[in-house]
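Thanks for coming, everyone. Let me put the structure up, and then I'll walk through it.

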Amino acid sequence: MTAKAPRAWQRMLSGRRLDLLDPSPVDVEVSDIAHGLARVARWNGQTSGDHAFSVAQHCLVVEDIFRRLNDATAEQCLMALLHDAPEYVIGDMISPFKSVVGGGYKAVEKRLEAAVHLRFGLPPHPTRELKDRIKKADTIAAYFEATQLAGFTSAEAQKFFGQPRGITKDMLVMTPLPAVEAQRLFCARFEAIEAIRGGKA
């Protein structure tokens, strides 16, 4: 008797069925991304506040920092906003555990990134230079999340993330938002960037 292949797809609220191992851009919808990311907690939920600090809110903070630090195109801003988009189906994994899990997780993440990017008319992956600039914004966001929400001292956060330059906590929305609000703001920012890309703004 032939063993039944394990299910590797997930049903989305939009009605799409996304194959996690071989994702198609056709099955990617921004409404699903926003919904999923708004319900995935950063720091495994170990943050202060009445709500989890969601990946959706993190993505908004990273894109805000990226814009402040760079003379960026709308396409680059969209890639910054979507930098953690694969986590809408595979969840957020803290960096120390990612390094333990290794290549399998990264391979799935990379295929999902390509599907998301192609769905919205972006290159499958950012260039190395752009990836580095987005990572810098990501690291700055992580510093403020660590010190403002996750219980790190400034010294601990500096050790892992460095000392941010040119960005201060008062510039950023760091109070954890309800999931529905983070979802709404993510969609609104996506639509604003798309309007610029389409020459409508």
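W43 is buried, with a relative accessible area of 17%. Buried here means under 20% relative accessible area, exposed means over 50%, and partly exposed is in between, with a 1.4 Å probe and protein chains only. W43 sits in the loop between α1 and α2. Its phi is positive, about 60°, although W43 is not a glycine. N44 is in the loop between α1 and α2 too. Phi of N44 is near 55°, again a positive value in a residue other than glycine. But N44 counts as exposed, at 51% relative accessibility.

A word on the source. This is a predicted model, where local features need pLDDT of at least 70 and side-chain atom pairs count only at pLDDT 80 or more, while totals for chains, interfaces and linings use all residues. Residues are numbered from 1 along each chain as its sequence is written, and side-chain values use heavy atoms, with hydrogens and water left out.

Now the helices. They are DSSP runs of H or I, at least four residues, numbered from the N terminus. Start with α1. Six of its eight residues are buried, so α1 is largely enclosed by the rest of the structure. The buried ones are V30, D32, I33, A34, G36 and L37.

Stay with I33. Leaving aside neighbours within four places in sequence, I33 is in contact with V28, A85, Y88, V116, F120 and F186. Contact means heavy atoms within 4.5 Å. I33 also belongs to the largest nonpolar core, which has 56 residues. Such a core is a set of buried Ala, Val, Leu, Ile, Met, Phe, Trp, Tyr and Cys residues joined through side-chain atoms within 4.5 Å. Which residues have the most contacts inside it? I33, Y88, F120 and F186. Helices α1, α2, α3, α4, α6, α7 and α9 each supply at least two residues of this core.

Next, α2 against α3. Helix α2 covers residues 55-69, and α3 covers 74-81. They pack at an angle of about 145°, with their axes 8 Å apart. Axes are lines fitted to C-alpha atoms over the stretch in contact, and angles run from 0 to 180 degrees between N-to-C directions. From α2, the contact uses C59, L60, V62, E63, F66 and R67. They meet Q76, C77, A80 and L81 in α3. The residues of this contact divide into seven nonpolar, one polar and two charged. Ala, Val, Leu, Ile, Met, Phe, Trp, Tyr, Cys and Pro count as nonpolar, Asp, Glu, Lys and Arg as charged, and the others, Gly among them, as polar.

On to α7, residues 128-148. At 1.5 Å a residue, its 21 residues should span 30 Å, and the end C-alpha atoms are 30 Å apart, which agrees. The expected span is 1.5 Å times one less than the number of residues. The buried residues of α7 pack against α2, α3 and α8.

One of them is A141. A141 has a relative accessible area of 0%. Not counting residues up to four places away in sequence, A141 touches H58, V61, V62 and I65. A141 and H58 are 83 residues apart in sequence, yet 7.3 Å apart in space, C-alpha to C-alpha.

Last, H117 in helix α6. H117 is buried, at a relative accessible area of 1%. Beyond neighbours within four places, H117 is in contact with M79, L122, P123, P124, H125 and P126.
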